[in-house]
Amino acid sequence: MKAKTVLITGASRGIGRACAAQFAREGHRVIINYKSSRAQAEALAQELKQEGAYARAYCADVADAAQVRDMFSWIAAEFGGVDVLVNNAGVACTKMFCDVEESDWDAVFDVNVKGMYRCTRLALPYMVHKKNGSIVNISSIWGICGASCEVAYSASKAAVIGFTKALAQEVGPSGIRVNCVAPGVIGTDMNHALDKEDIAALEEQTPLGRLGTADEVAAAVCFLAGEQAGFITGQVLSPNGGFVI
């Protein structure tokens, strides 16, 4: 297996962290992007290095175009470019729609959609040159079916799906695959604000009777990025325990 350079945005915790660990343990060079969780990102990089993997934590806010450009300039100098891009960085906004200010809406879309756009746009030239590459975008089950009090988040994650399907059509002739993972309710920090009753209700609505894990989502991401998924592009894989079929 040839080692690839893998960039995972928002990789200091949760699904991003699990993705970084799995890619590293498969022998790839992993760049752990983070915005503010420096201690967690550095600790993960050190942990993976101790296991013999290449891992580097890199601070860049995907909502800041200049920081994203600097990150990709560093990657180009070190490795030539990114072979696998996982657009995972995301933020939520849990409010009644009438309470969502325009600034809230913009903040969600600037990370969840424009952050994906910024990173993908800078990753693609290297992939096109090599006639090879894989992009996996992280959406959400709420991007498929919507969620009450999460209109901004649901809309942004639906946009991720549309972006994935359209870009897959455009870059397929260049040997680049673009896919999407839309997780169900996963036991990560993003859902820690839910109380026990909410968690119990979500578990009850899930046919498998539990929340998913970050490692289970990471397995889906690594599959789509890997050679076994070589004829898969423009698809949405939703590990959701049967919540939506």
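Modeller: A pocket here is an open set of grid points with protein on both sides within 12 Å along at least five of seven lines, and its lining residues have an atom within 4 Å of a point. Keep in mind that this is a predicted model.

Biologist: Which residues lie nearest the centre of the second largest pocket?

Modeller: That pocket has a volume of about 210 Å³. Its lining holds 14 residues. Those nearest the centre are Glu26, His28, Cys222, Gly226 and Glu227.

Biologist: Which helix gives the largest share of that lining?

Modeller: The lining of the second largest pocket divides into 7 nonpolar, 3 polar and 4 charged residues. The largest share is 3 residues, and these come from helix α9 (residues 214-225).

Biologist: How far apart are the end C-alpha atoms of α9?

Modeller: Count 1.5 Å a residue. The 12 residues of α9 should then span 16 Å. The model agrees, because the end C-alpha atoms are 16 Å apart.

Biologist: What do the buried residues of α9 pack against?

Modeller: The buried residues of α9 are Ala214, Val217, Ala218, Ala220, Val221, Cys222, Leu224 and Ala225. They pack against α1 (14-25), β4 (84-87), β5 (133-138), β6 (176-181) and β7 (236-237).

Biologist: Is Tyr126 buried or partly exposed?

Modeller: Tyr126 sits in helix α5 (residues 114-130). Beyond its sequence neighbours up to four places away, Tyr126 touches Phe79, Gly80, Gly81, Val82 and Asp83. Buried means under 20% relative accessible area. Tyr126 has 21% relative accessibility, so it counts as partly exposed.

Technical notes:
Residues numbered from 1 in each chain as written. Predicted model: local features only at pLDDT ≥ 70, side-chain atom pairs only at ≥ 80, totals over all residues. Heavy atoms only, no water. 1 Å grid on protein atoms, 1.4 Å probe; cavity = no way out; pocket = protein on both sides within 12 Å on 5 of 7 lines; lining within 4 Å. Points joined across faces, edges and corners; volume = space filled by probe spheres on them. Helix = DSSP H or I, 4+ residues; strand = E, 2+ residues; numbered from the N terminus. Nonpolar A, V, L, I, M, F, W, Y, C, P; charged D, E, K, R; others polar. Expected span 1.5 Å × (residues − 1). Buried < 20%, exposed > 50% of the residue type's maximum accessible area, 1.4 Å probe, protein only. Contact = heavy atoms within 4.5 Å.
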